[in-house]
Amino acid sequence: MRPAHVYADLTPAQHLELITALHGPWRVAARVVIVLLSASGMSAPEIAELLHYEPVTVRRWIARHTRDGITGLPDRPRSGRPRIGSPRLGQRIHTLLQTPKAWTTARLWRAARRPQMSLRTFYRRLREQGSWRRPRLIAKGDPDHDTTCATIQARIAALPAGSAVLAEDETHLDLLPRVRSCWMPTGLRHRLLTPGSNIRRTVHGAINLATGAWHHHVSVKNVSVVFCYFLQTLLDAYPDAPVVAVICDNGGTHHSGITRRWLTEQPRLMLIEGAKYSPQDNPVERIWAGLKHHIANTAPATMAGRVRQAHAYFRDRTTEQNLTTAAPWTSPWLPQGFGQDFWPRA
């Protein structure tokens, strides 16, 4: 016995829902059905009446399949709605960003003459022209930089054989932790305890530009007496060198009256000051950068703990590592070919 015929019983709302789906998210499948019904012998008006399309639409998809196959049935890329705002808005934003300023999205929107768009839309246009980052601080430079560096090179080249050439600089150690971005577990942000009041110590450091030997001293303050004491330790470290040349920046303790009087009593020590506002010339700056990176995101309980961190950092480094970090061969202070065998042997 044949089973009874089964017919779908649709309410008007369900019928509308199915037709909307055929014309919406499932429209590509509906176009496949159009092609199959046409291949079975149904005419375009009959298919259009069945699927609630216009006959011209049915014929268009049949022709598209005949020409391109199944790859022609999905929607083609569309240009979309025209962009909001003037076509020159991007150029205006780019021009504004050329001027250093504490730019925010709202501030740029006001400076761009308040274009008729939401701040979120303006933000998307802003992302096409710039990125959110910190500016870089640079020194203003010395107009006589090249002349000063050439003079330093000549003075080093004229030193007698066996001389020691060192670069010197100072930095500060703070009990207050220096924080830097780093990896953390998802959902957890590390918290570093800050001291009630900051405590600071001064570190004098010098690197032998030929061998990589490192010398440093930690003091309570950066004063001329401490600077002279550090220079004396450099002289004691090279008792056989006819001249110990120390190249430094233009800090106040380097040419104070106390320092000048002390230098007159030390014929073996030659203090050479580099170009003004040119910290990039000093290889010791890169040593300080490595030290600050080493102690970042740490919070010892006492200043003695912070000083021990610095001592441990320098103690665990080899002369080869010091030379690699400082990269003295990139400094404009040194004549070409400078090294341990730079001066001719007697």
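## Burial and the aromatic cluster

A residue is buried when its relative accessible area is under 20%. In this predicted model, F314 has a relative accessible area of 8% and is therefore buried. Y313 falls in the buried class as well, because its relative accessibility is 10%. These two residues form an edge-to-face aromatic pair, with 5.4 Å from centre to centre and 65° between the planes.

The count of aromatic pairs comes to four. In another of these pairs, the ring centres of W214 and W288 lie 5.6 Å apart and the planes meet at 85°, so the arrangement is edge-to-face. W214 belongs to strand 3 and W288 to helix 11; with 74 residues separating them, the pair joins distant parts of the chain. W214 and W288 are both buried. Ring pairs connect W214, W288, Y313 and F314 into a cluster.

In soluble globular proteins, nonpolar side chains tend to be buried together. Here the largest nonpolar core holds 32 residues, and V165, L209, I247 and L291 are the members that touch the most others. Several elements give two or more residues to this core: strand 1 (164-174), strand 2 (200-208), strand 3 (214-219) and strand 4 (244-248), together with helix 8 (145-157), helix 11 (284-295) and helix 12 (303-315). A separate core of 17 residues includes C228, F230, V244 and L269.

With neighbours within four places in sequence left aside, I247 is in contact with I152, I156, V165, L166, A167, E168, L209, I272 and W333.

## Packing of helices 2 and 4

Two packed helices are described by the angle between their axes and the distance between the axes. For helix 2 (residues 27-39) and helix 4 (residues 55-68), the angle is about 85° and the axes are 9 Å apart. Helix 2 is therefore roughly perpendicular to helix 4.

Helix 2 contributes R31, I34, V35 and S38 to the contact, where they meet V58, W61, I62 and H65 of helix 4. By residue class, this contact consists of five nonpolar, two polar and one charged.

## A buried loop residue

Where is Q266 placed? Q266 is in the loop between helix 10 (257-264) and strand 5 (269-273). Despite this loop position, Q266 counts as buried because its relative accessibility is 17%. When residues up to four places away in sequence are not counted, Q266 touches Q232 and L235.

Key:
Residues are numbered from 1 along each chain as its sequence is written. This is a predicted model: local features need pLDDT of at least 70, side-chain atom pairs count only at pLDDT 80 or more; totals for chains, interfaces and linings use all residues. Side-chain values use heavy atoms; hydrogens and water are left out. Axes are lines fitted to C-alpha atoms, for helices over the stretch in contact, and angles run from 0 to 180 degrees between N-to-C directions. Helices (H or I, at least four residues) and strands (E, at least two) are DSSP runs, numbered from the N terminus. Angles under 35 degrees count as roughly parallel, over 145 as roughly antiparallel, 65 to 115 as roughly perpendicular and the rest as oblique. Contact means heavy atoms within 4.5 Å. Ala, Val, Leu, Ile, Met, Phe, Trp, Tyr, Cys and Pro count as nonpolar, Asp, Glu, Lys and Arg as charged, and the others, Gly among them, as polar. Buried means under 20% relative accessible area, exposed over 50%, partly exposed in between (1.4 Å probe, protein chains only). A nonpolar core is a set of buried Ala, Val, Leu, Ile, Met, Phe, Trp, Tyr and Cys residues joined through side-chain atoms within 4.5 Å. Rings of Phe, Tyr and Trp (its six-membered ring) pair if their centres lie within 6.5 Å; planes under 30 degrees apart count as stacked, over 60 as edge-to-face and the rest as tilted.
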